[in-house]
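Here is a short report on a protein model. Read it with the sequence and the 3D view side by side.

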Protein chains: 4
Amino acid sequence: MASLADEARAAARSFAPELVAWRRDLHRHPEPGFGEFRTARIVSERLRALGLDVRIAEEAMDGEAVHHRHADRIGAASERAIASGVDSALVERMYNGGTAVVADLTGGDGPVVGFRFDMDALPIVESSDPEHRPVAEGFRSSVEGEMHACGHDGHVAMGLGVASVLARLRDQLGGTVRFVFQPAEEGAMGGAAAITARGLVDDIDHLVCVHLGLGAQTGTFVTRAYFLATAKYRVSFTGQGAHVVNSPQSGRNALLAAASASLALHSIAPHGDGWFSLNVGVLRAGDEQGVTPPWATMELGFWADRTDVYDYVDARVHQAIAGVSRAYDVGHKVVRIGGAPAADQDEGLARVAGEAALATDGVERLEDGISGRAGEDANVFLARVAERGGRGIYVLIGSDLADGHHSPRFDFDERSLVTGTAVLSALACELIGEGS
Amino acid sequence: MASLADEARAAARSFAPELVAWRRDLHRHPEPGFGEFRTARIVSERLRALGLDVRIAEEAMDGEAVHHRHADRIGAASERAIASGVDSALVERMYNGGTAVVADLTGGDGPVVGFRFDMDALPIVESSDPEHRPVAEGFRSSVEGEMHACGHDGHVAMGLGVASVLARLRDQLGGTVRFVFQPAEEGAMGGAAAITARGLVDDIDHLVCVHLGLGAQTGTFVTRAYFLATAKYRVSFTGQGAHVVNSPQSGRNALLAAASASLALHSIAPHGDGWFSLNVGVLRAGDEQGVTPPWATMELGFWADRTDVYDYVDARVHQAIAGVSRAYDVGHKVVRIGGAPAADQDEGLARVAGEAALATDGVERLEDGISGRAGEDANVFLARVAERGGRGIYVLIGSDLADGHHSPRFDFDERSLVTGTAVLSALACELIGEGS
Amino acid sequence: MASLADEARAAARSFAPELVAWRRDLHRHPEPGFGEFRTARIVSERLRALGLDVRIAEEAMDGEAVHHRHADRIGAASERAIASGVDSALVERMYNGGTAVVADLTGGDGPVVGFRFDMDALPIVESSDPEHRPVAEGFRSSVEGEMHACGHDGHVAMGLGVASVLARLRDQLGGTVRFVFQPAEEGAMGGAAAITARGLVDDIDHLVCVHLGLGAQTGTFVTRAYFLATAKYRVSFTGQGAHVVNSPQSGRNALLAAASASLALHSIAPHGDGWFSLNVGVLRAGDEQGVTPPWATMELGFWADRTDVYDYVDARVHQAIAGVSRAYDVGHKVVRIGGAPAADQDEGLARVAGEAALATDGVERLEDGISGRAGEDANVFLARVAERGGRGIYVLIGSDLADGHHSPRFDFDERSLVTGTAVLSALACELIGEGS
Amino acid sequence: MASLADEARAAARSFAPELVAWRRDLHRHPEPGFGEFRTARIVSERLRALGLDVRIAEEAMDGEAVHHRHADRIGAASERAIASGVDSALVERMYNGGTAVVADLTGGDGPVVGFRFDMDALPIVESSDPEHRPVAEGFRSSVEGEMHACGHDGHVAMGLGVASVLARLRDQLGGTVRFVFQPAEEGAMGGAAAITARGLVDDIDHLVCVHLGLGAQTGTFVTRAYFLATAKYRVSFTGQGAHVVNSPQSGRNALLAAASASLALHSIAPHGDGWFSLNVGVLRAGDEQGVTPPWATMELGFWADRTDVYDYVDARVHQAIAGVSRAYDVGHKVVRIGGAPAADQDEGLARVAGEAALATDGVERLEDGISGRAGEDANVFLARVAERGGRGIYVLIGSDLADGHHSPRFDFDERSLVTGTAVLSALACELIGEGS
């Protein structure tokens with residue numbers, strides 16, 4: 001008799017046409033972070049239809065925890081969503097409360113398995129080259145300047161696929177599967193933080209975050225991919241303008257404070273146990289040659305490959321800014337506008353996932369412990385789950401790419417959709433086991 | 001028998017009503033630097049009517065020598081000038097060629113006496129307080145955001161007055177009087193440089209630049225007022241952007257170059273023989289937290305009370321920028337966007353002027369050697385005249401003020417217009433003497 | 001009948017041979033600041049012989065108020081003093097308690113007139129050129145590396161001269177003359193502060209500080225010479241060493257703190273109402289390439305031409321150091337090792353002094369308001385007297401120089417000794433008047 | 001019949017008592033880098049006695065290639081060496097020409113196998129704790145402040161051991177074994193560079209550099225240990241002193257140049273492909289508060305884990321110093337006082353070495369590819385050999401330590417001496433094979 005996991009694998013394969021159709025529809029209609037109105041509507045309706053318990057908007061996230069929003073892109077997306085038929089009251093609710101969708105499929109009292117899928121697109125104009133497959137096959141982005149150039153359209157499709165598969169097997173599941181569809185993964189603006197702030201990952205026992213590609217080829221399954229911890233700050237210095245000929249002594253020079261702070265920040269000593277990179281990427285100060293610059297702003301970010309390195313840099317950043325402000329007798333304000341921690345991943349869960357993957361058609365080899373030179377909002381979830389005593393991993397579904405992530409010519413191998421759906425569904429079964 | 005100078009003094013008094021009328025008309029119609037279309041038309045017509053040899057627009061200045069123009073203010077002024085009846089072809093010619101007016105009154109082969117009058121207004125909204133005399137007496141600025149708040153309207157009126165007086169005495173003048181009506185004194189944008197570049201002060205033997213007020217009260221005549229030498233630069237640094245996580249080593253950081261340059265510039269050592277103040281007033285750099293800032297711009301100015309101090313600072317500024325650019329391996333460009341040198345003034349000419357003033361009704365006391373904490377575009381003329389072997393002074397016609405220069409409530413004592421016209425006319429007579 | 005002042009002038013002339021002899025003896029035996037053992041012995045013995053009430057060593061100064069001592073130079077001077085016959089117990093007392101001598105000549109209940117004379121030499125090897133007059137006439141320094149190259153030998157001689165003159169006239173003096181012979185004027189190490197701390201200038205009504213030369217030629221008397229306010233600090237930063245390969249993150253970099261502080265200090269904005277110069281003259285930091293520098297020290301000074309400018313700079317210095325320390329997370333300590341304030345001088349007293357001088361043979365002209373680009377420890381006295389309601393001036397006895405102050409070939413015109421003695425003696429008579 | 005390698009292993013074991021005796025004698029008589037007079041005498045005499053062709057002093061190294069010497073420590077060592085009986089003419093020759101010893105054992109025309117052993121001690125006072133074994137067993141350093149605290153005494157003993165073993169087997173060796181006993185490994189002062197400059201590693205086919213311990217425990221053999229590339233520079237800035245009150249403008253401030261350079265150097269961007277740490281460890285500048293600092297010196301080092309990272313940092317260091325010098329208008333000089341490149345190591349040679357080791361009693365396990373957070377002078381040899389077409393490795397003989405390297409309580413497990421001698425001797429046999 002086939003195991004539950006094998007039943008799941010077989011079911012996944014039966015959804016192959018839907019997976020491609022869902023992905024291509026989403027690809028045609030990309031939406032920005034916190035502007036995933038149409039996407040969230042599709043996801044929530046489908047999950048409700050499957051019988052899941054669905055939370056949306058303010059039920060699924062706490063807007064207070066959001067770091068940053070791109071108001072222009074979100075506004076445009078809301079208009080497009082309404083024009084495409086999304087109920088305007090729902091759009092307004094999501095506009096105010098957020099575009100997250102979190103849904104539970106409960107089959108018994110057993111453990112809670114969580115899956116994270118991200119939904120946002122990027123501010124990129126998609127290639128119009130006739131050889132670019134989305135052009136050739138008619139699913140190029142319909143919005144100039146928004147594009148699913150990272151594969152999140154595929155992630156959402158897989159999420160729907162896994163839900164469809166497991167809903168069929170619900171009676172045999174002895175626990176809960178939680179589907180976390182998060183907005184705004186890109187830019188570390190707070191999509192994960194906002195869901196976490198609602199407590200929606202606190203009871204997850206096994207969290208599996210998913211990405212397509214990222215260097216892994218079709219046929220490969222990566223059990224643990226690590227990302228950098230990162231923080232992004234906006235810093236304001238407030239000094240005092242003065243006529244630099246008549247009374248330069250009355251000035252408090254915010255420009256020099258920012259200049260000195262930039263040098264201090266860039267000269268934070270390296271860490272012996274890890275790697276980090278810090279960048280003051282933006283500096284603005286002053287208005288006139290004849291007036292002591294009374295204001296300055298900086299935007300800075302840093303990326304570190306370990307939590308202790310992150311903590312070290314973060315402490316030094318705050319010290320440097322506070323001290324330099326005092327040295328130049330100016331006020332300062334530091335606002336966190338983004339970031340995600342580093343996160344450990346569980347070896348045992350990785351082993352289980354690897355076994356489930358290798359037993360799946362389309363997976364030929366495993367890798368473990370890949371390090372990515374980027375931040376990932378999923379780390380917010382992984383860190384929280386670990387803090388609460390659960391375990392988590394970040395897996396990659398290998399997929400051959402037409403061009404790199406974030407390229408106007410990005411495209412992936414759609415066969416990976418079935419593979420991914422099968423692996424994740426099977427893994428859920430293994431983790432939960434049969435209900436009694 | 002009355003001396004020629006005394007005849008001039010008497011004639012000046014006879015123009016008292018015209019002086020006030022001219023000044024108030026100009027006050028009502030303020031125009032920005034290089035946008036003095038209506039003013040230049042009035043001046044040139046009047047001087048032609050008096051029989052002077054008049055140069056205007058490209059005849060009177062070389063637009064290549066202009067450092068900076070405020071395109072918006074000038075455009076608006078050109079539209080107002082045309083609307084007020086100035087011939088649009090003339091406006092176009094001045095728009096392209098400049099608004100300077102330089103005119104000669106020639107009475108013989110003797111020396112050339114030059115007078116400098118400036119014509120531009122300031123971007124200030126004039127007070128609408130009913131007690132503000134221009135409001136009370138109906139000559140408040142008709143243009144919101146442009147105002148004669150420094151007294152240049154009075155300077156132009158005095159210039160027309162002196163020309164009117166001396167034109168009457170032309171037969172008795174044994175030399176030439178050159179009237180230099182300059183645009184754009186404020187902001188050191190190149191009004192004086194552009195006239196100088198046409199060679200129009202090269203043959204002046206005695207140059208007298210004039211200002212009302214500046215701390216001198218009605219009844220005082222200042223024989224020499226000194227101004228600071230100043231230079232203004234726009235500095236661009238060009239580096240190389242790089243992804244600060246993947247390849248920070250490929251970046252060339254223009255932001256850090258600008259930060260380091262700012263500190264180096266502000267730490268130029270003081271000068272033992274004089275005073276200066278330097279300010280990097282504006283800094284802009286970079287666009288994104290995740291990218292090494294590939295560009296930075298700074299705007300800086302400095303002001304010095306002596307030519308050798310100016311030269312010292314100027315040399316150090318260029319060294320610092322070039323060196324820091326090399327240190328951070330970025331390109332740099334330094335564009336001079338303004339400035340005026342320090343200028344010596346002639347003691348003998350000051351004595352003659354003081355005597356001519358004291359012999360004039362309305363002048364009760366002399367001062368010499370006042371130092372102003374500001375730059376003055378007139379220094380460009382004074383320095384050039386000295387370089388060519390002539391001599392020059394910058395005199396103040398004392399005038400009680402309603403409020404300080406550049407204040408929305410600025411106004412001066414109009415009695416000073418007659419006094420000034422009389423002193424300058426008499427001085428011209430003393431300097432040229434009677435023709436043979 | 002001759003006035004008391006004229007009697008004093010005549011008496012002064014009678015001491016001409018002694019003045020030269022005293023000066024040459026002191027010139028042969030120069031002693032460093034706080035090491036004026038032999039000098040103080042000569043002064044105190046002479047003044048006691050004249051009947052003055054003499055305080056010496058700890059009676060005349062408070063060693064706690066000393067900023068700095070050159071232990072090596074002082075130790076060597078103490079050995080020379082004992083070898084030359086100064087009682088070793090007295091030397092020991094002065095070694096511990098200080099070398100100041102303060103003496104009162106009291107003739108009545110009237111006002112207290114104070115004179116300040118400084119006694120210390122400089123660490124300079126005197127020229128051995130046969131044409132250098134001290135060589136030619138046999139009074140070159142007998143100590144290699146110590147030299148009276150500023151004229152303080154002449155000041156002490158004049159002090160003894162004035163005491164000798166006024167002691168003769170004691171019965172006719174209606175007040176007190178206080179003679180303040182201060183150690184350690186050079187280097188602002190605290191000679192004046194230590195005497196002030198004993199309260200010995202608190203009751204002075206008219207304080208006259210004296211210097212020879214300083215640009216004033218023989219025949220000139222300067223009624224007020226001004227000096228800069230100055231402060232000198234030693235700054236220590238204490239960080240944490242760390243192996244820069246194994247654990248750079250554990251380091252706290254005192255060298256970078258000092259580097260950043262140096263830039264911050266040198267970029268303090270100029271003052272619109274005055275002039276100052278600041279210099280971090282000495283920097284030492286770290287011991288090894290492979291270790292984060294755990295310590296750094298700086299020595300800095302600044303000089304300002306006004307008290308408000310001084311106060312401004314002083315406040316900014318402390319802010320900059322405290323702030324930078326915080327920015328780099330290091331400790332800091334700021335120790336004042338020298339300094340003297342700016343001090344106002346009294347116009348009325350200057351007038352009286354000028355009149356007394358012009359009535360004296362050898363004085364042909366007056367000057368007032370000379371500004372010196374240097375600090376002067378006398379400012380400590382002048383500031384304290386003014387604070388207590390008295391008035392003070394710093395006068396110059398003009399004297400042609402063989403070479404500039406602090407030169408190995410420095411020498412002055414000894415005729416100035418009589419002139420100075422006569423002027424100061426006469427001035428004391430004028431200020432005190434005759435007793436009743 | 002036993003293989004040649006096995007014969008070597010057996011022979012090595014027979015030298016166990018000598019190995020310990022040699023090591024303890026050397027431990028009692030530690031000598032500083034370039035001061036290994038007694039050590040070099042012992043080594044050279046022993047090798048000559050074994051029939052090797054020995055080069056010493058100027059024959060073995062080129063003094064011109066030395067970066068740095070500690071003159072005091074070397075001088076004291078030369079006196080101790082003479083006192084201990086080393087011929088003073090030989091000491092003088094080594095004092096001038098160097099303390100390297102390079103010797104060949106030639107058995108045929110086959111390949112050249114090189115071994116590197118380092119001889120220098122550290123400036124550390126050895127523990128006098130009775131429980132410290134060198135104290136307990138009577139071989140504590142006889143020189144306070146010099147100590148073999150890194151194990152080089154053991155390296156020299158193994159070198160003598162390998163030579164003793166292979167000399168016995170000379171007839172069976174078909175190639176040459178070159179023994180390179182290098183001075184001054186610590187501090188990267190140029191010991192390896194000086195030998196390399198004589199061409200003495202140019203013809204080596206297989207180079208094996210050796211170290212005890214370094215984290216490898218007794219029983220472990222590490223086939224390739226990698227070290228950081230490093231460079232050390234002394235930087236001098238030459239400015240111009242000036243009296244900071246009278247003529248600050250004449251100064252050229254070397255202190256500010258060094259301060260700014262320190263900040264620029266510490267803010268070199270990280271490298272995306274590797275790790276580095278840079279430290280300005282020493283800064284000295286200026287002499288007086290009142291004088292613009294006319295000089296400054298810095299000593300800096302950096303360490304990088306890859307050659308391309310090293311090259312990147314090195315280029316940026318030179319740019320930063322040259323640029324900052326220009327910015328502050330001071331001269332600069334950069335002198336390399338130490339350093340060693342990164343060096344690749346050969347995989348094939350590592351495999352052969354690992355096999356030879358595993359076949360040796362006392363070796364229970366292999367490791368490969370250990371990365372050390374330190375520089376190693378051996379990299380100079382390894383890089384040169386690779387450049388000439390040979391191959392090289394840096395192996396570790398595991399040894400349990402009493403305390404860490406460079407600790408006053410450092411000591412190692414002397415059983416490793418036999419193991420190391422056996423492994424290296426056997427490896428030489430395997431690499432050369434039998435002569436024909």
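## Ground rules

This is a predicted model: local features need pLDDT of at least 70, side-chain atom pairs count only at pLDDT 80 or more, and totals for chains, interfaces and linings use all residues. Residues are numbered from 1 along each chain as its sequence is written, chains are lettered from A and ligands numbered from 1 in the order in which they are written, and side-chain values use heavy atoms, with hydrogens and water left out.

## Where chain D meets chain C

The contact (heavy atoms within 4.5 Å) takes 42 residues from chain D and 42 residues from chain C. Together the two chains bury about 2900 Å², with 60% of it on carbon and sulfur atoms. Buried area is the accessible area (1.4 Å probe) that two parts lose on being put together, summed over both. Zero salt bridges are counted between chain D and chain C. A salt bridge needs a side-chain nitrogen of Lys or Arg within 4 Å of a carboxyl oxygen of Asp or Glu.

Which element of chain D gives the most to the side that touches chain C? Strand 8 of chain D does, with eight residues. Helices (H or I, at least four residues) and strands (E, at least two) are DSSP runs, numbered from the N terminus. Strand 8 of chain D also pairs with strand 8 (residues 276–285) of chain C, in the antiparallel sense over three bridges. Two strands pair if DSSP finds at least two bridges between them. Here R284(C) stands opposite R284(D).

## An enclosed strand in chain C

Strand 3 (residues 112–118) of chain C is largely enclosed by the rest of the structure, because seven of its seven residues are buried. Buried means under 20% relative accessible area, exposed over 50%, partly exposed in between (1.4 Å probe, protein chains only). On one side lie V112(C), G114(C), R116(C) and D118(C); on the other lie V113(C), F115(C) and F117(C).

Strand 3 of chain C pairs in the parallel sense with strand 4 (residues 176–182) of chain C over seven bridges. There, D118(C) stands opposite Q182(C). Strand 3 of chain C also pairs with strand 5 (residues 206–212) of chain C, in the parallel sense over four bridges. V113(C) stands opposite H206(C) in strand 5.

## Two loop residues

Most residues other than glycine have a negative phi. F34(A) has a positive phi of about 65°. F34(A) lies in the loop between helix 2 (16–28) and helix 3 (37–49) of chain A. F34(A) is buried, at 2% relative accessibility.

F34(C) also has a positive phi of about 65°. Is F34(C) buried or exposed? F34(C) is buried, with a relative accessible area of 1%.
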